[in-house]
Structures are given as C-alpha cells and as structure tokens.
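Please open the structure in your viewer and keep the selection tool at hand.

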Amino acid sequence: MEEFGVFFLIYLVTMLLTFGFSIAMYVLQALGMYRIANRRGIPNPWLAWIPVLNCWLLGSLSDQYQYVVKGENRAKRKWLLWLNIAKLFLTMAITVLGIAIAGSVLFGGFHNESMILNRIMGPVIGVAGVSLPLAGITLAYAVIYFMALYDVYKSLDPTNAVLYLVLSVLFPVTKPFFLFFNREKDRGMPPRKGYVNTPSEPIEADFEYV
C-alpha cells in the first residue's frame, strides 16, 4: 500500500510538471505570435491566445509575407482555419463513437460475444469511416501549417528559416522558442517605402485579411 502511494505521488508530480510545461510553451508561443502580428498590423492579434483559432493568425502572417514579397494571396489562413475546425469535429465524432463502443461493452448487459459484436458493429464502422477523412484532413492541415510556419520564419530570419522549420517538425517543443526569441525581427520583410523596418514600424501592405 505504501508503494502504491509513492507511485501515485510520482505520477501526480509528473502530470503536474507536464501540464505546467505545456502551459508555459503555449504562453511562449502566444506571446511571440501576438507580438509579431501586432507589429505588422495584422488584425486581431489576440487570436494568438485562442486554441483552434490561432491558426488563422499564423496563416495571416504567411499570407502577408507572400503578398508583400511576391504579390500573391495564397489564403492559407482560410485553409488552416477550416481544416482545423473539420479536424476538431471529426476528432470529437471519433471520441463519441469510442465512448459508445465502451458503453455498449461495459453496460450492455449482453450474455454472449455475438450480441456484443452486433451491438458495437455500428459504432466500429462509424469510427473506421471517420478515421480515413480525419487522416487526410490532418495531413493536409500539417502540410499547409508548416508551409505557413516556414513563411513566418523566412520573414523573421531567412538565414535560419530552414533550420527552424526542420527542428520545429522533428522537435515541436522548439517552435515556441523560435517564435518568441525572433518576435522583434523583420529580416525577411522588404522595407517600407522610404524607410528601413524597425520593430516600431508596422509592415504596410494593401492586403485583405477577411
């Protein structure tokens, strides 16, 4: 019994440390994104703090970079937002179906395996049917997300953009640090007309963010 208490305490401390670290990384990334968007005149920079919706801000920074540098509007912000929302709803659907399967097995009051299989077959087929589009949407979201992230890195520090992206893909924990510690840089952005970019000068571009 004493050993169980020790293991439970270790588990609890580990969970608290993990939770605290996750919160710290989220805050670090939000601060970096907020500062970059605020300096560059992106509408609603507070979206950096909102889960699910913060991808719109990343896409807006990417779209601004593409427009200012290449004169192109890729609308990554819209793709990221809709794909992220679709991914959220499909994940919730799988969770609900999984709960239905577990509930059927645990509380169904079945007397043999055949009855269990017949009852859970529908939710199992539903999970299988939802999993395939979820995988496709997740892949598409990841590709567009990292393309947008690369644009942001290039706008901040083009010399190290590839390194930042590779490390962000392999070790996601590094991404908040890169965004936060480069939040005052605009080395990849062209200067304003007649000026040299400084942290206090927002990037100006005839660009629609809606």
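**A first stop on the surface**

Select Leu170: it counts as exposed, because its relative accessibility is 56%. Here, exposed means over 50% relative accessible area, buried means under 20%, and partly exposed lies in between, with a 1.4 Å probe and protein chains only. Leu170 lies in helix α5. Helices (H or I, at least four residues) and strands (E, at least two) are DSSP runs, numbered from the N terminus.

This is a predicted model, in which local features need pLDDT of at least 70 and side-chain atom pairs count only at pLDDT 80 or more, while totals for chains, interfaces and linings use all residues. Residues are numbered from 1 along each chain as its sequence is written, and side-chain values use heavy atoms, with hydrogens and water left out.

**The nonpolar patch**

Now select Phe21, Val162, Val166, Val169, Leu170, Phe171, Val173, Phe177 and Phe181, which make a nonpolar surface patch of about 840 Å². Two or more residues of the patch come from each of α5 (161-170) and α6 (175-181). Helix α5 gives the most, with four residues. Patches are made of residues with over 30% relative accessible area and no salt bridge; like charges are joined within 9 Å, and nonpolar side chains (Val, Leu, Ile, Met, Phe, Trp, Tyr) within 5 Å.

Next, select Ser22, found in helix α1 (residues 2-39). Ser22 is partly exposed, with a relative accessible area of 41%. A polar atom of the Ser22 side chain lies 2.9 Å from the backbone oxygen of Thr18.

**The whole chain**

Zoom out to view the protein chain, which has six helices and zero strands. Of its 210 residues, 35% count as buried. Contacts (heavy atoms within 4.5 Å) also deserve attention: among those with a separation of 6 or more, 62% join residues 24 or more positions apart.

**A covered helix and its charged pair**

Select residues 54-70, helix α2. Its 17 residues should span 24 Å at 1.5 Å a residue, and its end C-alpha atoms are 24 Å apart, which agrees. The expected span is 1.5 Å times one less than the number of residues. Helix α2 is mostly covered, with 13 of its 17 residues buried. Gly71, which follows α2, has a positive phi, near 70 degrees.

Asp63 is buried, with a relative accessible area of 0%, and Arg77 is buried at 2%. A salt bridge is a side-chain nitrogen of Lys or Arg within 4 Å of a carboxyl oxygen of Asp or Glu.

**The salt-bridge network**

The structure holds eight salt bridges. For the last stop, select Arg35, Arg39, Arg40, Glu184 and Asp186, which are linked in a network of salt bridges. Glu184 pairs with Arg35, their closest N and O atoms being 2.9 Å apart. Glu184 lies in the segment after α6 and Arg35 in helix α1, so the pair ties together parts that are 149 residues apart in sequence. The side chains of Arg39 and Asp186 also meet in a salt bridge (2.6 Å, N to O). Both Arg39 and Asp186 are buried, whereas Glu184 is partly exposed at 34% relative accessible area.

Technical notes:
Areas by Shrake-Rupley, 256 points an atom, 1.4 Å probe, with all protein chains shown as cover. Polar contact = N/O pair within 3.5 Å; in protein donor to acceptor, adjacent residues only side chain to side chain.
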